[in-house]
Amino acid sequence: MMAASMETSAGVTRALSVAHVDRHFELKGDRVQALGDVSLEAPVGTFIALLGPSGCGKSTLLRLLAGLDSPDGGSIEFGGASPETMRRAGRIGVAFQDPALLPWRTIRRNIALPYQVLGRPVDTARIEDLIRLVGLSGFEEARPAQLSGGMRQRVAIARALATEPDVLLLDEPFGALDEILRRQMNLELQRIWLDLSPTTVLVTHAIEEAVFLADVVFVMSARPGRISEMVTVPFERPRSQSLLRTPEFHAIADHISDLLFSGSIPALTTALEPAETSAPTSQP
Ligand SMILES: Nc1ncnc2c1ncn2[C@@H]1O[C@H](COP(=O)(O)OP(=O)(O)OP(=O)(O)O)[C@@H](O)[C@H]1O
Ligand SMILES: [Mg+2]
């Protein structure tokens, strides 16, 4: 998964390079090493999934990629640019598990928010395109409370895509959805990704979701969080639901499941050290 940054008609696009990243936190006087020596590389336009036990540092890594936090050691860059530079230029779009929409704003104005945060004129044509892309035509003037959970997630993804980012970072965006809706959203995300091809990092707990969507799944282990294995997913796109029933799909999913549950990757319960048991490490 090595690649130099590539030149495109739109200019230099940015490959992701994470090298020897460390991040620790102080928690009630104890030092928690959230990430230890994390390295990964991905070419421009790759879809990466991050899978691992609760507390292994997935959200921490995503926040570092988003330029919302800084590593204690190591480096992260997108084709030579730091995450912070990318974020300030509107080149990174982020969506978290909680869609965090502004309840008083219409859908259209929620999606326009990144322009206002960056102090740019709102690209209204782009916003109309995104609303169509995520299948919310007709709901432009609705408020978040008038939408279903899946629709709100689609608004959050449209908002993350508003400034045409090179990089899309998704932290458990479908974690709160039921299985049927999650599968529908996986198909929608694939469609959007095929249309726009941002370099994407998806944090998920769901093995099936990771294998269905990603070019490469990085399996993480805990304490400290590190990459324990890189699994390449070879299936052609667009991928359909029938892929989920093939032996090839199951072979990859089972391999990842073995990595996660065989004991080679410490589960949260066995990995917790006594000093840390007083502090919850999982997030809702
Ligand atoms: N701001 C913080 N202060 C103190 N400790 C933190 C902070 N953020 C994360 N941690 C710790 O870092 C570790 C990794 O947390 P992180 O949220 O990255 O895990 P995760 O893999 O996203 O877990 P989950 O799957 O439950 O969301 C945990 O032990 C957590 O307690
Ligand atoms: Mg998390």
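Mentor: Let's start with Pro224, which sits in the loop between E10 and E11. Helices (H or I, at least four residues) and strands (E, at least two) are DSSP runs, numbered from the N terminus. This is a predicted model, where local features need pLDDT of at least 70, side-chain atom pairs count only at pLDDT 80 or more, and totals for chains, interfaces and linings use all residues. Residues are numbered from 1 along each chain as its sequence is written, while chains are lettered from A and ligands numbered from 1 in the order in which they are written.

Trainee: OK, and what is the peptide bond from Arg223 to Pro224 like, cis or trans?
Mentor: That bond is cis, with omega near -5°. Another cis bond joins Arg237 and Pro238, with omega about 0°, and Pro238 is in the loop between E11 and H9. In general, most peptide bonds are trans.

Trainee: What sort of phi does Lys28 have?
Mentor: Lys28 has a positive phi of about 50°, although it is not a glycine. Lys28 belongs to the turn of a hairpin formed by E3 and E4, with two residues between the strands.

Trainee: How many bridges join E3 to E4?
Mentor: Nine, and E3 and E4 run antiparallel. Leu16 stands opposite Ala42 in E4, for instance.

Trainee: Switching topic: which strands form the open sheet, and in what order?
Mentor: There are six, in the order E7-E8-E9-E5-E10-E11, with mixed pairing. Two strands pair if DSSP finds at least two bridges between them. Strand E7 (92-95) and strand E11 (226-232) are at the edges, each with a single partner strand, so one side of each has no neighbour in the sheet. The twist averages 15° from one strand to the next.

Trainee: And how is E10 joined to E11?
Mentor: Six bridges join strand E10 (residues 216-221) to E11, and the two run antiparallel. Phe218 is opposite Met230 in E11.

Trainee: What does helix H9 lie across?
Mentor: Helix H9 (residues 247-261) lies across strand E5 (47-51), E10 and E11, running at about 170° to E11. Axes are lines fitted to C-alpha atoms, for helices over the stretch in contact, and angles run from 0 to 180 degrees between N-to-C directions.

Trainee: How do H6 and H7 sit together?
Mentor: The axes of helix H6 (residues 149-160) and helix H7 (residues 179-196) come within 11 Å and cross at roughly 25°. On the H6 side, the contact includes Gly150, Gln153, Arg154 and Ile157, and from H7 come Leu181, Gln184, Met185, Glu188 and Ile192. Contact here means C-beta atoms, placed from the backbone, within 7 Å.

Trainee: Last one: which residues come nearest to ligand 1?
Mentor: Of the 15 residues around ligand 1, the nearest are Phe25, Ala34, Ser54, Ser59 and Thr60. A residue is near a molecule or strand if its C-beta atom, placed from the backbone, lies within 6 Å of it. Strand E3 (16-27), strand E4 (30-42) and helix H1 (58-65) are the elements that give two or more residues to that shell. H1 gives the most, with three residues.

Technical notes
Two residues are in contact if their C-beta atoms, placed from the backbone, lie within 7 Å.
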